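User: I would like to learn how to read side-chain contacts. Please walk me through some.

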Amino acid sequence: MTRYPRNLIGYGPNPPAIEWPDGAKVAISLVLNYEEGGENCILHGDEASEAFLSEIPNAQPWPGMRHWGMESIYEYGARAGFWRVRDLVVSRNVPLTIYGVATALARSPVQVAAMKDAGFEIASHGLKWINYAKFGRDEEARHMAEAIKLHTEVVGEPPRGWYTGRCSHNTVEIAAESGAFDWLADNMDDDVPSWFEHAGRQQLMIPYSLETNDMRFSAGTFHTSEDFFVYLRDTFDTLHAEGEAGSPKMMSVGLHCRLIGRPGRIKGLADFIDHVQARGGGWFATRSEIATHWKARHPAPPVGAPRPTTMSRDDFVARFGGVFEHSAWIAERAFDLELGPAHDSAAGVHNVLARAFRAAEERERLGVLTAHPDLAGKLAAAKRLTPESTAEQAGAGLDALTDAERARFTELNDTYQGKFGFPFIIAVRDHDKAGILAAFESRIANDRDREFATACTQVERIAQLRLEDMLP
């Protein structure tokens, strides 16, 4: 059994019915990353200097050495940039979530006091602002536990949310297993929150973004405050229109003290806040406020709820073995394909069943065709159809034919079988009685190859309709 862990479908075509407070069209999360004093530095026990998210083009780590210029750029964020951002959001009366690196917060008591005085939410941004990609699972878990402990000592209460940023493939699972957080944000996979099931619990994920983010100044894709403002404005306006159309979303704006806190950039953030407040329809909220609202309106699904991709082979075959008429082998083969969360739906299961059917030898597919009953034939008269076929034929009125109609179907069935060697197959739920008869009379003129392909297509359509009755 192969199962693919990445979720490439999310809500898909069935998004939740979102209602933000006061009818807002967009929930907006402003996030200020406080990393200054927690970055790579040999003073912090690291092997080299920092090289990420600064004003230095193509910066490289300096192994075993302090980098005075890099340190001073980070220090600007703590000494000047933080206060500039603090003053702006307070003046506009909008809430702010801090992603606080625990060691950085511990080295910035005055800034922490200012965060608390302003009512900012202070979430955890890890123990240190370093890359955890190559950390072992146990070592990363120890860092997370130490971050929670230090954060609690410095701030006075434990963090309710977590974002590592430079995370490993284990980060989200470790955080979820801890049970310590109301929300996690190491995901950039959607425009709305979602639930992540792991280790017997459901963890709320509130997506973050690296594109509506001032880090793009460092990357060289934003150059002026106008660049930043225009991109944020266009994002908000697009999401606002989607909200007006009945599909509200959320928007994260990622900020860094040493980046957006520069005087030539802060105006872009100010213009964006002013734009939202002037237009209306935006709900500025902390991430915990979004989490609280989401949990109340969209509670976690039951843990361990059965899904196709978590079923045992026997359960999968028992559930879906009859979707293709009397052909359980199709479900058996489909079970062994690479399935993932995207297959936990009618469309997903249909895709893998159809793959198994299409990959089969022609004689096997012919066996599927011959397993289907004649329309309004002897098996129907003897009430020996499968429950699915019985309901389908009845829905098209084939259980209530006149004597003349029955005679015509019998004649066509005999002629068709004699010519092609398999029964006439059509997804009767797509047609009424007259349409079925017309298709029967038209298709009987096909050559064998064309009709075999048409019949196979109809078999797949019948399976699709049956699965849509079984799954969302």
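Analyst: This is a predicted model: local features need pLDDT of at least 70, side-chain atom pairs count only at pLDDT 80 or more, and totals for chains, interfaces and linings use all residues. Residues are numbered from 1 along each chain as its sequence is written, and side-chain values use heavy atoms, leaving out hydrogens and water.

User: How many aromatic pairs does the structure hold?

Analyst: A pair of aromatic rings is described by the distance of the centres and the angle of the planes. Rings of Phe, Tyr and Trp (its six-membered ring) pair if their centres lie within 6.5 Å; planes under 30 degrees apart are stacked, over 60 edge-to-face, the rest tilted. The structure holds 27 such pairs. In one, Tyr-132 and Phe-135 are tilted, with 4.5 Å between centres and 55 degrees between planes.

User: Is Tyr-132 buried or exposed?

Analyst: Buried means under 20% relative accessible area, exposed over 50%, partly exposed in between (1.4 Å probe, protein chains only). Tyr-132 is buried, at 4%. Phe-135 is buried too, at 19%.

User: How many salt bridges are there?

Analyst: A salt bridge puts a side-chain nitrogen of Lys or Arg within 4 Å of a carboxyl oxygen of Asp or Glu. The structure holds 32. One of them joins Arg-66 and Glu-71, at 2.7 Å from N to O. Arg-66 is partly exposed, at 40%, whereas Glu-71 is buried, at 8%.

User: What distance separates the closest N and O atoms of Arg-307 and Glu-197?

Analyst: They are 3.7 Å apart, in a salt bridge. Both residues are partly exposed: Arg-307 at 32% and Glu-197 at 32%.
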